[in-house]
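This report describes one protein chain for a reader who is new to structures. Please look at the sequence and the model first.

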Amino acid sequence: MPDTPVSEMSFEQAMKELEQVVGKLERGDVALEDSISLYERGALLKKRCEAKLKEAEEKVAAITLDGDGQPTGTKPVEGL
């Protein structure tokens, strides 16, 4: 597994590594201590993916629409 801090990963990087972690755990051919470390890393990766998705959802929700439902621009999202 890469040693990149989870907090510095893009959504795509975190998701790719999370898929690798899940694959290794599902195969069951990893020693117990390694499984625990993988599980902990996986939990951090999952949290990162969820945070990045929430951030993206908030940005999408901030797109303003006119009466016909057409995008008219964006408004700042509080906290971003």
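The sections below go from the overall layout to single residues.

## Basis of the model

The model is predicted: local features need pLDDT of at least 70, side-chain atom pairs count only at pLDDT 80 or more, and totals for chains, interfaces and linings use all residues. Residues are numbered from 1 along each chain as its sequence is written, and side-chain values use heavy atoms, with hydrogens and water left out.

## Overall layout

The chain contains two helices and two strands, and their order along the sequence is α-α-β-β. Helices (H or I, at least four residues) and strands (E, at least two) are DSSP runs, numbered from the N terminus. Helix H1 covers residues 11–27, helix H2 covers residues 32–61, and strand S1 covers residues 63–65.

Of the 80 residues in the chain, 18% are buried. Buried means under 20% relative accessible area, exposed means over 50%, and partly exposed is in between (1.4 Å probe, protein chains only). A contact means heavy atoms within 4.5 Å. Among contacts between residues at least 6 apart in sequence, 43% join residues at least 24 apart.

## The nonpolar core

Which residues make up the largest nonpolar core? The eight residues are Val-6, Met-9, Ala-14, Leu-18, Val-21, Leu-38, Leu-45 and Cys-49. H1 and H2 each supply at least two residues of this core. A nonpolar core is a set of buried Ala, Val, Leu, Ile, Met, Phe, Trp, Tyr and Cys residues joined through side-chain atoms within 4.5 Å.

## Salt bridges

A salt bridge is a side-chain nitrogen of Lys or Arg within 4 Å of a carboxyl oxygen of Asp or Glu. By this rule there are five salt bridges. One of them joins Glu-17 and Arg-41, whose closest N and O atoms are 2.6 Å apart. Glu-17 lies in helix H1 and Arg-41 in helix H2, so this pair ties together parts that are 24 residues apart in sequence. Glu-17 and Arg-41 are both buried.

Arg-27 and Asp-29 also form a salt bridge, at 3.7 Å from N to O, and both of these residues are exposed. A further salt bridge links Lys-52 and Glu-55, with 3.7 Å between the closest N and O atoms. Lys-52 and Glu-55 both belong to helix H2 and are three residues apart, about one turn of the helix. Lys-52 is partly exposed because its relative accessible area is 24%, and Glu-55 is partly exposed at 27%.

## A buried charge without a partner

Arg-48 is in helix H2. Arg-48 is buried but has no salt bridge. The nearest side chain of opposite charge is that of Glu-55, 6.4 Å away. Apart from neighbours within four places in sequence, Arg-48 is in contact with Val-6, Ser-7, Glu-8, Met-9 and Ala-14.

Accessible areas come from the Shrake-Rupley method with a 1.4 Å probe; for residues, only the protein chains shown count as cover. Val-60, Ile-63 and Leu-65 form a nonpolar surface patch with about 280 Å² of accessible area together. Patches are made of residues with over 30% relative accessible area and no salt bridge: like charges are joined within 9 Å, and nonpolar side chains (Val, Leu, Ile, Met, Phe, Trp, Tyr) within 5 Å. Ile-63, in strand S1, is partly exposed, with a relative accessible area of 39%.

Is Ala-62 buried or exposed? Ala-62 is buried, with a relative accessible area of 4%. Ala-62 sits in the loop between H2 and S1. Ala-62 and Gly-73 are 11 residues apart in sequence, and their C-alpha atoms are 8.8 Å apart in space.

Technical notes: Lys, Arg positive; Asp, Glu negative; His and termini not counted.
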